[in-house]
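User: I am new to this structure and would like to learn how to read its features one by one. Please give the general idea each time, then the case here.

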Amino acid sequence: MELLPEIATRRSIRQFVDEPLSRDTIQRVVEAGRRAPSAKNRQAWRFVVISERETRDKMEDACFGQDYVAQAPAIVALCTTNIDYRMPNGQLSYPVDLGIAGAFMMLQAEHEGLGTCPITTFQEDEVKAILSVPYQMRVVMLLLIGKPDESPELTHRLPMERLAGWGHW
Ligand SMILES: Cc1cc2nc3c(=O)[nH]c(=O)nc-3n(C[C@H](O)[C@H](O)[C@H](O)COP(=O)(O)O)c2cc1C
């Protein structure tokens with residue numbers, strides 16, 4: 001089955017080459033998030049880019065010491081600027097919106113030959129303090145980005161018949 005190569009070959013990267021990314025490169029990745037769809041096109045998000053070593057070290061501590069966090073030359077914190085908006089289905093829009101924005105960034109990074117790892121294992125209060133995120137806002141996900149220094153196997157996925165229904169559950 002032919003898929004976009006960025007989708008077919010992407011896997012999480014947890015070892016990065018110690019090499020900074022250019023501002024243009026990071027900007028293209030963030031631009032992919034900017035172009036992502038959001039409920040009612042509200043775009044209630046803010047993307048905070050971290051590349052300074054000292055801040056990355058602090059972020060690693062806030063991520064329970066996951067020791068590849070500070071290795072990534074760039075970390076994008078995907079934050080919401082509104083935690084209240086519910087969609088007509090009653091569900092909060094921000095986890096959906098930010099999840100899609102994160103996926104767009106991951107695929108753009110992949111297209112640039114970079115590796116990514118989404119991270120949600122972090123102490124949000126600590127991350128908020130490090131990045132001066134206002135009290136009412138939330139940090140939904142961190143995205144590690146950098147040149148891969150490993151080539152892991154693709155991870156397992158459930159078979160199509162387990163997860164897709166045609167016309168009914
Ligand atoms: C919402 C979300 C949160 C994740 N949080 C972490 C994390 O905190 N630390 C980590 O090492 N990987 C994290 N991952 C990466 C997953 O472990 C990984 O995507 C999954 O095992 C599938 O592997 P693959 O990305 O290589 O296909 C997260 C992924 C997602 C989608």
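Analyst: Leucine 3 is a place to start: its relative accessibility is 47%, so leucine 3 counts as partly exposed. Buried means under 20% relative accessible area, exposed over 50%, and partly exposed in between (1.4 Å probe, protein chains only). Leucine 3 sits in the segment before α1 (5-9). Helices (H or I, at least four residues) and strands (E, at least two) are DSSP runs, numbered from the N terminus. The model is predicted: local features need pLDDT of at least 70, side-chain atom pairs count only at pLDDT 80 or more, and totals for chains, interfaces and linings use all residues. Residues are numbered from 1 along each chain as its sequence is written, and side-chain values use heavy atoms, with hydrogens and water left out.

User: What is the average pLDDT of the protein, and which elements have the lowest and the highest mean?

Analyst: pLDDT is the predictor's confidence in each residue, from 0 to 100. The protein averages 98, and 100% of the residues score at least 70. By element, the lowest mean pLDDT is 96, in helix α6 (residues 160-163), and the highest is 99, in strand β2 (residues 74-80).

User: Which residues make the nonpolar surface patch?

Analyst: Patches are made of residues with over 30% relative accessible area and no salt bridge; like charges are joined within 9 Å, nonpolar side chains (Val, Leu, Ile, Met, Phe, Trp, Tyr) within 5 Å. Here Leu3 belongs to a nonpolar patch of about 780 Å², together with Met1, Leu4, Ile7, Leu158, Met160 and Leu163. Accessible areas come from the Shrake-Rupley method with a 1.4 Å probe, and for residues only the protein chains shown count as cover.

User: How many salt bridges does a search of the whole structure find?

Analyst: A salt bridge is a side-chain nitrogen of Lys or Arg within 4 Å of a carboxyl oxygen of Asp or Glu. The search finds five. One of them pairs glutamate 19 with lysine 147, with the closest N and O atoms 3.7 Å apart. Glutamate 19 lies in the loop between α1 and α2 and lysine 147 in the loop between β4 and α6, so this pair ties together parts that are 128 residues apart in sequence. Both ends are partly exposed: glutamate 19 has 37% relative accessibility, and lysine 147 has 38%.

User: Where do aspartate 57 and arginine 53 lie?

Analyst: They are four residues apart in helix α3 (residues 53-62), so about one helical turn separates them. Aspartate 57 is partly exposed, with a relative accessible area of 32%, and arginine 53 is partly exposed at 44%.

User: Is glutamate 124 buried or exposed?

Analyst: Glutamate 124 counts as buried because its relative accessibility is 16%. Its side chain meets that of arginine 138 in a salt bridge of 2.6 Å, N to O. This pair links distant parts of the chain, with glutamate 124 in helix α5 and arginine 138 in strand β4, 14 residues apart. Arginine 138 counts as partly exposed, at 35% relative accessibility.

User: How many residues surround the ligand, and which are the closest?

Analyst: A residue is near a molecule or strand if one of its heavy atoms lies within 4 Å of it. The ligand is surrounded by 13 residues, the closest being Ser12, Gln66, Tyr68, Thr121 and Arg157. Serine 12 is in the loop between α1 and α2, and counts as buried at 19% relative accessibility. Between serine 12 and leucine 144 there are 132 residues of sequence separation and 9.4 Å in space, C-alpha to C-alpha.

User: Which polar atoms lie by the oxygen and nitrogen atoms of the ligand?

Analyst: A polar contact is a pair of N or O atoms within 3.5 Å; within protein, one must be able to donate a hydrogen and the other to accept it, and residues adjacent in sequence count only if both atoms are side-chain atoms. A polar side-chain atom of arginine 157 is 2.7 Å from a ligand oxygen atom. For threonine 155, an N or O atom in the side chain is 2.9 Å from an oxygen atom of the ligand. A polar backbone atom of proline 118 lies 3.1 Å from a ligand nitrogen atom. The ligand taken alone exposes 610 Å², of which the protein buries 64%.

User: What is the phi of asparagine 41, and what is that of serine 132?

Analyst: Most residues other than glycine have a negative phi. Asparagine 41 is not a glycine, yet has a positive phi of about 55°; asparagine 41 lies in the loop between α2 (23-34) and β1 (45-50). Serine 132 also has a positive phi, near 55°, and lies in the loop between α5 (124-131) and β4 (138-146). With 62% relative accessibility, serine 132 counts as exposed.
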